Amino acid sequence: MDTDLLLNLAWVVLMSVLGMALPVGIGLRAARVTRGQGPPGAGRLLLAGLLALLIALACGFSLQYGAVHLPQLGEEARPAWQWAPFGEGSGILAWGGPGLSGAENGRMALFLFQVAGTATVVLLALAPLHARLPGLGLAAAALAIGGLLYPLLGHWAWGGGWLAAAGQMACLGHGFADWGGAGVHYALGGLLALGGLLATRTRREEGEGESRPALVPVLLAVFGMTALHSASAWAALPRMGLVVANTWVGSAAAGLVAAVYMAFTTTRVGTPMLARGLLAGAAASAGLAAFAPPTTLLLVGAVAGLIACLGSYLVEQVWRLDDPSGVVPAFGFGGLWGVLATGLFADGTYGQGLNGVGAGRYLGVPGQGVSGIALLAPGMVPDYAQLAVQVLGAVVILGWALGVGWLLFRLVSIRPRK
Amino acid sequence: MRTGDDLPGRWIEARLLPAPTGAGLGPALGWLAGVLAAGGPLWPWPYLGRLLLGLFLTGAVWGRLWILFGEEAASADNPSHGSPSPGERHPAEPAEPPEQGEPTSLPFRLPYTIPGSLSAEWAAALARAWARLREAVERRRPWLLEALGLTALLLLVGSLWGRLSLLTAAAGLALLLLRRLLRGRPAAVSLLRACGGLAWPWWLGHTAWGPLAPGSLLLSLLWGVAYAGWAETARVRAAGRPLLWTDLAQGATLAFFLLTGRPVVGGVLAFTLLGQVLLQAGLRRAGREEAIASRTWLLAAAGMLLSAVALGGWL
């Protein structure tokens, strides 16, 4: 086994394992800040996470990455099935066989990444609802999200599905670009939670608020996000330093802006909002962590901080939904912003050949990669088609999470517990 | 023009009023001098069209703006109101600002804002400013609309002629604002009249054809001073210190041409200046000081255009 391959494998395994800090942080935070008199939140959320792992092994992983080939992780060509009803590039569904039978080391490493992603989405979706769902409903929701909702969207965006192929097939930039899962992980999880809150009519009582900011789980989550973003290329790349720096810069900028905003409007810094800002910034950074310099991430993070504040107000004060851990504004809205920010501010210096588009020359410029429409590197030209496919992706995520999520939670929620 | 209910036998009364100083001829002549000083072509049609459009812009649009933003506007806003009685609010005074922190009048408040926060204070200040602005707009709507429309026209036309002209147009707007702010201060008004009444149209004319040269800038300022002195003389209808400024500025122009090695131009300018001085002396002796401005402006304008022609290399 050559050194590069070994390094790639070690990197993906290590970062995926460290990335598990993200669902752990989300779960601990949700368990700590959620009110109600249901059973202990941490235990229920741990149960949901374990189910997510099992369902990922059973079918989720195969559905999501069944059609993906991993030469960078030493994988030989392998048979796979993909359902593409309108011909090549319209992949809706893939299947690479049950479980991990016959999988090589590379695929095993990718499975670890999948586990962390699945657990993240499942725990995000269940964070504001876990104390209100019946046990059976909680388990069913975890299985449905981890085994179907997340893998399908993941296949469309990352597994060679129609969103990824939109660049090749419909000339929409490089196809949907989502480096670290701003849309696939965070927006999906946060918006599934929103769908669940709407479906279960979980209203916020007057005077309720996030009294315990639970900062340690937040820092744990940001650490996990950093690791997951670093593992997102499924290889060890020279840009990993930039990815880590961007995640931290975006998170810090968002936290700072959220804190300043609260100090400006309420005379106090507001630790709960600081926590939401940190998470929203890291979530937004995921979209373009490898596609833009840290200065751009300062801007993206600052906007994410504002989104965290205004989104929290929208969810809690206007819609009066009970989301004590703030996953909807921080991850749902922050992640959506990250998807759009990629189409706006990707600087064009990276992502050459992503989804099979523009490996040598793109838009007439040699070496131009994924590009937005502003803050481009010198010599790069704006790519409005990339922005279009990012908007399309955001709409798909929004519709998928709210539509199917609402339906799912209507089915699994019977009554709020008293 | 006004309807005449109190005028028996007439339905409509029309009156012709003299335009206040600053409007019309001075700026238009300044534009023409600027164009000539630039030395650019005046033909074919696009250049001629630009010249004519500039004449309209400076003569009508700029002149009107100059009046609107100047001290004339204050009296034009309330031409017939007498002094308010004690306790009565003058129509020109702004309405009482809303109480600080009054939540119902806030036009915009950031989410989460609580009383006592910086955001609440800013929102209250914004509300007061908004109330003042709204009242001002309602009270002076025709004035504001006209000023906004003409300003937009000025910037639009300026932008058609390139970045330099746009910058010059923007500088002109700054002059207008200064004029508005400094009205009532005679020294400042005179200085601004020199800049805005003639020098600025000169700059616009020059930059519409090319970059402003230092010589052109100097002459525009000198002629601006001459114009300001003449306008003040016309306003007070008497000879005094402003007339001296007019003559001195023209003398400096004459010296400029002599020093730059163009004695012929200097000589012709000396004749135009001498003619003005003789006219001024004669009218003073005859006790007709009020006619000085109207009798001498033609000679001064001829001198200005001649200096511009010489500067532009037409001679």
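## Salt bridges

Let's start with charges: across all chains, the whole structure holds four salt bridges, a salt bridge being a side-chain nitrogen of Lys or Arg within 4 Å of a carboxyl oxygen of Asp or Glu. One of them joins A:Glu75 to A:Arg107, with the closest N and O atoms 2.5 Å apart. These partners come from distant parts of the chain, 32 residues apart: A:Glu75 sits in the loop between α3 (41–65) and β1 (81–83) of chain A, while A:Arg107 belongs to helix α4 (residues 105–126) of chain A. Helices (H or I, at least four residues) and strands (E, at least two) are DSSP runs, numbered from the N terminus.

## What you're looking at

This is a predicted model, where local features need pLDDT of at least 70 and side-chain atom pairs count only at pLDDT 80 or more, while totals for chains, interfaces and linings use all residues. Residues are numbered from 1 along each chain as its sequence is written, chains are lettered from A and ligands numbered from 1 in the order in which they are written, and side-chain values use heavy atoms, with hydrogens and water left out.

## Where chain B meets chain A

How many residues does each chain bring to the contact? Chain B brings ten and chain A brings 13, with contact meaning heavy atoms within 4.5 Å. Together the two chains bury about 940 Å², and 74% of that is on carbon and sulfur atoms. Buried area is the accessible area (1.4 Å probe) that two parts lose on being put together, summed over both. On the chain B side, B:Leu110, B:Pro111 and B:Tyr112 supply 65% of the area buried against chain A, more than any other three residues.

The side of chain B that touches chain A has six nonpolar, four polar and no charged residues. Here Ala, Val, Leu, Ile, Met, Phe, Trp, Tyr, Cys and Pro count as nonpolar, Asp, Glu, Lys and Arg as charged, and the others, Gly among them, as polar. Between chain B and chain A there are zero salt bridges.

## The largest pocket

The largest pocket holds about 840 Å³ of space. Among its 33 lining residues, the closest to the centre are A:Trp158, A:Trp234, A:Leu354, A:Asn355 and A:Gly356. Helices α5 (135–158) and α6 (166–170) of chain A each give at least two residues to this lining, which splits into 17 nonpolar, 14 polar and two charged residues.

On a 1 Å grid over the protein atoms alone, a pocket is an open set of points with protein on both sides within 12 Å along at least five of seven lines, whereas a cavity is a set where a 1.4 Å probe fits but cannot get out; lining residues have an atom within 4 Å of a point. Grid points are joined across faces, edges and corners, and a volume is the space filled by probe spheres set on the points.

## One cavity

The search turns up one cavity of 30 Å³ or more, with about 50 Å³ of space in the largest cavity. Its lining includes A:Gly25, A:Arg29, A:Pro217 and A:Phe331. Which element gives the most to that lining? That's α2(A), with four residues.

Most residues other than glycine have a negative phi. A:Thr267, however, has a positive phi near 75°, and this residue is in the loop between α9 (240–266) and α10 (271–288) of chain A. A:Leu375 also has a positive phi, near 55°.
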